[in-house]
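Have the sequence and the coordinates open as you read.

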Amino acid sequence: MDPKDPKNAPSRRLVVNGLGTGLMAAPGLLASSGPALAQQADSPAPTASPPTGGRTLQNPVTEYPKPPFPRQTQEWPGLASKMNPRPDHGETSYKGSGRLAGRRALVTGGDSGIGRAAVIAYAREGADVAINYLPAEESDAREVVDLIRAEGRKAVAIPGDLRDEAFCRRLVADAVAQLGGLDILVNNAARQTAQPSIEAITTEQFDATLKTNLYAMFWITKAAVPHLPSGATIINTASVVAYDPPEALLDYSTTKAGIVAFTKSLAKQLAPKGIRVNAVAPGPFWTPLQPSGGQMPDKLPQFGADSPIGRPGQPVELAPVYVMLASRESSYATGGVFGSTGGNVGP
Ligand code: NAD
Ligand code: MG
């Protein structure tokens with residue numbers, strides 16, 4: 001039984017519900033009852049919330065699936081379609097309002113997870129989108145292409161391995177040619193492989209992590225900048241691990257801290273051209289990265305349990321951040337890192 005699960009804490013629920021009634025009956029009670037009562041009133045008590053009265057409020061604690069999750073592993077790079085439960089990328093829920101009408105976006109790792117959520121939102125906000133992914137992820141990518149086209153937007157699928165500099169240059173050239181230009185670049189693809197110790201990290205792993213997470217971002221951005229007009233934006237996916245690196249993610253955390261520094265430096269370079277550069281720092285999100293090597297398999301059932309919200313994020317919960325950073329409304333935000341961490345240590 002998870003002691004953090006509010007369902008498993010009936011005594012506190014009773015206390016807090018009783019407290020609410022008591023306060024209504026006797027308004028002076030709080031002042032006279034001292035620190036013990038004040039502490040109870042501060043405790044998280046999702047079941048004690050006042051009624052929403054028909055307003056569209058949601059409780060983020062109970063809104064999405066929470067641990068424990070079924071044990072599961074997948075071969076890298078993993079598929080969203082094989083996850084249990086399937087991640088929510090906004091397929092049925094994200095509603096656009098024309099905030100990116102006519103924009104042209106390239107999103108790496110756009111087939112699944114956080115990248116897919118950004119792509120669905122971009123298409124529903126009126127953008128044409130090119131996605132990159134690995135050939136092994138074609139089935140996930142097809143679902144995304146169909147979703148983009150269902151919005152009447154152009155979808156460009158460009159599979160290939162980002163560890164190859166020549167491919168990264170070709171990716172940008174193809175995206176620019178097929179979209180007719182580029183206004184939004186999202187460097188989102190990543191490699192994450194948990195290892196218990198530095199001795200367990202091979203040079204091959206270290207190289208793959210740095211090539212995917214840092215070199216590709218450098219190669220793609222370098223190729224893209226000459227095509228970006230004033231008003232364009234670059235969004236890099238960093239992580240909370242840049243701020244609080246877990247012991248099992250040594251190489252990965254190193255790259256995520258690098259992405260933060262890269263973002264801040266490039267933002268200074270490109271600000272005079274009117275091009276903004278920001279990063280997003282997610283906490284734990286339910287994506288194929290995690291069961292395909294990103295977490296130790298025995299840790300996955302409790303994934304996200306240690307965040308104050310008590311569950312992992314679903315990719316759709318990040319979509320508004322990627323939309324906000326791509327849209328003109330955030331015109332003074334550059335060199336920033338925007339957290340969505342469930343309350344974990346972040347930017
Ligand atoms: P994901 O597995 O859905 O997406 C990662 C994508 O990276 C894959 O879909 C794949 O297409 C791409 N990729 C990996 N290696 C590649 C290569 N060599 N060539 C081309 N593409 C390659 O998982 P996700 O969690 O949505 O990851 C998206 C981003 O979010 C990553 O930058 C990740 O570091 C970051 N992030 C994730 C979490 C989390 O808890 N899931 C937390 C913080 C940050
Ligand atoms: Mg994928």
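Which residue lies over the face of Trp76? That's Arg191, at 3.7 Å from the ring centre. A charge sits over a ring here if NZ of Lys or CZ of Arg is within 6 Å of the ring centre and within 35 degrees of the ring normal. Lys211 does the like with Tyr215, lying over its face at 5.5 Å from the ring centre.

A word on ground rules: this is a predicted model, where local features need pLDDT of at least 70 and side-chain atom pairs count only at pLDDT 80 or more, while totals for chains, interfaces and linings use all residues. Residues are numbered from 1 along each chain as its sequence is written, chains are lettered from A and ligands numbered from 1 in the order in which they are written, and side-chain values use heavy atoms, with hydrogens and water left out.

Now for the rings. The structure has three aromatic pairs (rings of Phe, Tyr and Trp, the last by its six-membered ring, with centres within 6.5 Å; planes under 30 degrees apart are stacked, over 60 edge-to-face, the rest tilted). Phe69 and Trp286 are stacked, because their ring centres are 4.2 Å apart and their planes at 25 degrees. This pair links distant parts of the chain, 217 residues apart: Phe69 is in the loop between α2 (29-42) and β1 (104-108), Trp286 in the loop between β6 (276-282) and α8 (290-294). Helices (H or I, at least four residues) and strands (E, at least two) are DSSP runs numbered from the N terminus.

Trp286 also forms a tilted pair with Phe303, 6.3 Å centre to centre and with 40 degrees between the planes. Phe303 lies in the loop between α8 and α9 (319-326), so the pair ties together parts 17 residues apart in sequence. Phe69, Trp286 and Phe303 make up one aromatic cluster. Phe69 is buried at 5% relative accessible area, and Trp286 is buried at 0% (buried means under 20%, exposed over 50%, partly exposed in between, with a 1.4 Å probe and protein chains only). Phe303 is buried too.

Finally, ligand 1. Some of its polar contacts (N or O atoms within 3.5 Å) are these:

| Residue | Polar atom | Distance to a ligand 1 oxygen |
|---|---|---|
| Glu137 | side chain | 2.5 Å |
| Asn188 | backbone | 2.7 Å |
| Phe285 | backbone | 2.7 Å |

Taken alone, ligand 1 exposes 800 Å², and the protein buries 99% of that (Shrake-Rupley areas, 1.4 Å probe).

Methods: Polar contact = N/O pair within 3.5 Å; in protein donor to acceptor, adjacent residues only side chain to side chain.
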